Amino acid sequence: GHTLSDNAETVFLNLLRGSDLTGISGIRPRRGKIIRPLVTISREEILNYLDANRIPYRVDRTNLDIMYNRNFLRNRVFALLKERFGDFERRVSEASFLLQEEADFLKSLARELVERAKKASFPDEILLDREILKEAEPVVVRWALHELTGSGHRPIKDLIKLLDKEGRISFTEGLKAEISMGEVRFYRNEKALEKTCKLEIGVCELPEINTLLTIEKAQKRGKNTLFTVYFGSNQVEPPFLVRRRKKGDRIRTKAGTKKLKDLFIDRKVPRWRRDLIPVVEDGKGIIWVAGIQKAWRPDREKGPYIKMEVRKNDPRAFWIYDI
């Protein structure tokens with residue numbers, strides 16, 4: 001098993017590589033089900049015990065090859081350090097065990113920060129509140145992002161720089177992070193509304209976003225809200241098409257037409273959500289960006305009315321309008 005000497009070598013190697021606290025805290029005596037009973041005993045002590053009790057052992061010749069960095073440290077550098085500093089391996093290891101305790105403390109703070117910043121999202125993604133991260137201590141933010149991504153400090157440093165901007169960064173094994181508006185999103189696969197519905201009256205089920213979009217006739221006009229809108233039957237030209245946004249989309253307002261891209265920016269809709277917002281159009285053009293903006297139609301409303309509504313399919317699950 002690993003010895004105290006192995007631990008001292010690991011600390012030096014990781015320090016020379018520029019590792020963070022996790023690396024320079026060395027080998028843990030226990031990690032999960034793995035227990036290392038010899039990590040507090042030096043290699044020299046073990047060899048002395050074997051010699052004193054005439055217990056045979058073998059020496060791997062490759063351990064003497066200084067072409068390998070660990071062997072170079074062990075046979076050249078550590079030999080000189082022992083002449084000058086004596087039992088320095090033990091002091092290095094004791095310091096590494098203290099660093100392990102500090103690393104555990106920082107990990108606990110990082111987990112608390114993640115839980116505090118976490119927002120509702122899809123099951124295969126993690127969504128964090130950017131402002132909460134920006135207000136936290138930078139060292140805790142760094143540890144939190146390291147815990148989430150499993151990446152080294154260099155890509156984490158690049159991600160932290162983006163907290164004051166917007167953008168995307170890729171990590172290993174397909175993991176990506178996107179910072180847009182007030183959110184930091186960790187994901188592996190892009191999401192977009194794929195299903196389309198063409199209907200006059202009825203229900204369009206959009207399972208990608210846990211949403212039901214209904215279109216029905218109403219004798220009375222109710223109040224327009226984010227998720228429910230009314231049009232006069234004279235203002236619309238069925239059938240209605242429910243789809244995702246596409247390049248060049250514009251919606252009519254009292255002030256003229258407006259690009260959907262600009263609409264989303266004005267409403268501070270994060271970039272990743274924009275391709276998941278249902279767009280409803282009729283024969284005249286876009287009539288409703290569901291949950292965002294109702295189109296203006298110049299004709300005066302006349303009944304009967306057309307009611308459009310979006311609601312959660314599964315009330316317990318996340319949908320695209322949870323913010």
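# A guided tour, from the open sheet to the cores

Begin with the open sheet of five strands, whose order is S3-S4-S7-S6-S5 with antiparallel pairing, where two strands pair if DSSP finds at least two bridges between them, and where helices (H or I, at least four residues) and strands (E, at least two) are DSSP runs numbered from the N terminus. This is a predicted model, in which local features need pLDDT of at least 70 and side-chain atom pairs count only at pLDDT 80 or more, while totals for chains, interfaces and linings use all residues. Residues are numbered from 1 along each chain as its sequence is written, and side-chain values use heavy atoms, with hydrogens and water left out.

Strands of a sheet pair through backbone hydrogen bonds, either parallel or antiparallel.

Next, select strand S8 (residues 197–199) together with strand S12 (residues 240–243), which pair in the antiparallel sense over three bridges. Here Lys198 has Leu241 in S12 as its bridge partner. S12 is also joined by three bridges to strand S15 (residues 279–282), again running antiparallel, and Leu241 stands opposite Glu281 in S15.

## Aromatic pairs

Now display the aromatic side chains. Rings of Phe, Tyr and Trp (its six-membered ring) pair if their centres lie within 6.5 Å, and planes under 30 degrees apart count as stacked, over 60 as edge-to-face and the rest as tilted. By this rule the count comes to eight aromatic pairs. One of them joins Phe12 and Phe88, whose ring centres are 6.3 Å apart and whose planes are at 80 degrees, so the pair is edge-to-face. Because Phe12 lies in helix H1 (residues 4–16) and Phe88 in helix H5 (residues 88–117), the pair ties together parts that are 76 residues apart in sequence.

Colouring by accessibility separates the two partners, with buried meaning under 20% relative accessible area, exposed over 50%, and partly exposed in between (1.4 Å probe, protein chains only). Phe12, at 24% relative accessibility, counts as partly exposed, whereas Phe88 is buried, with a relative accessible area of 5%.

Phe122 and Phe318 form another edge-to-face aromatic pair, 4.9 Å centre to centre with 75 degrees between the planes. Phe122 lies in the loop between strand S3 (118–119) and strand S4 (126–129), and Phe318 in the segment after strand S18 (305–312), so this pair ties together parts that are 196 residues apart in sequence. Phe122 is buried at a relative accessible area of 7%, and Phe318 counts as buried at 10%.

## Charges over rings

A charge sits over a ring if NZ of Lys or CZ of Arg is within 6 Å of the ring centre and within 35 degrees of the ring normal. Select Arg185 and Tyr187, where the charged end of Arg185 sits over the ring of Tyr187, 3.8 Å from its centre. Then select Lys294 and Phe231, where the charged end of Lys294 sits over the ring of Phe231, 4.6 Å from its centre.

## Asp6 in helix H1

Asp6 lies in helix H1 and is buried, with a relative accessible area of 14%. Its side chain makes a polar contact with the side chain of Arg43 (2.8 Å); such a contact is a pair of N or O atoms within 3.5 Å, where within protein one must be able to donate a hydrogen and the other to accept it, and residues adjacent in sequence count only if both atoms are side-chain atoms. Leaving aside neighbours within four places in sequence, Asp6 is in contact (heavy atoms within 4.5 Å) with Gly1, Ile27, Arg43, Arg70 and Arg74.

Ile306 is placed in strand S18 and counts as buried at 7% relative accessibility. Ile306 and Phe12 are 294 residues apart in sequence and 72 Å apart in space, C-alpha to C-alpha.

Finish with the nonpolar cores, each a set of buried Ala, Val, Leu, Ile, Met, Phe, Trp, Tyr and Cys residues joined through side-chain atoms within 4.5 Å. The largest has 39 residues, and those with the most contacts inside it are Val289 and Met308. Its largest share, four residues, comes from strand S16 (residues 285–289). A second, separate core of 27 residues includes Leu21, Ile24, Leu113 and Val141.
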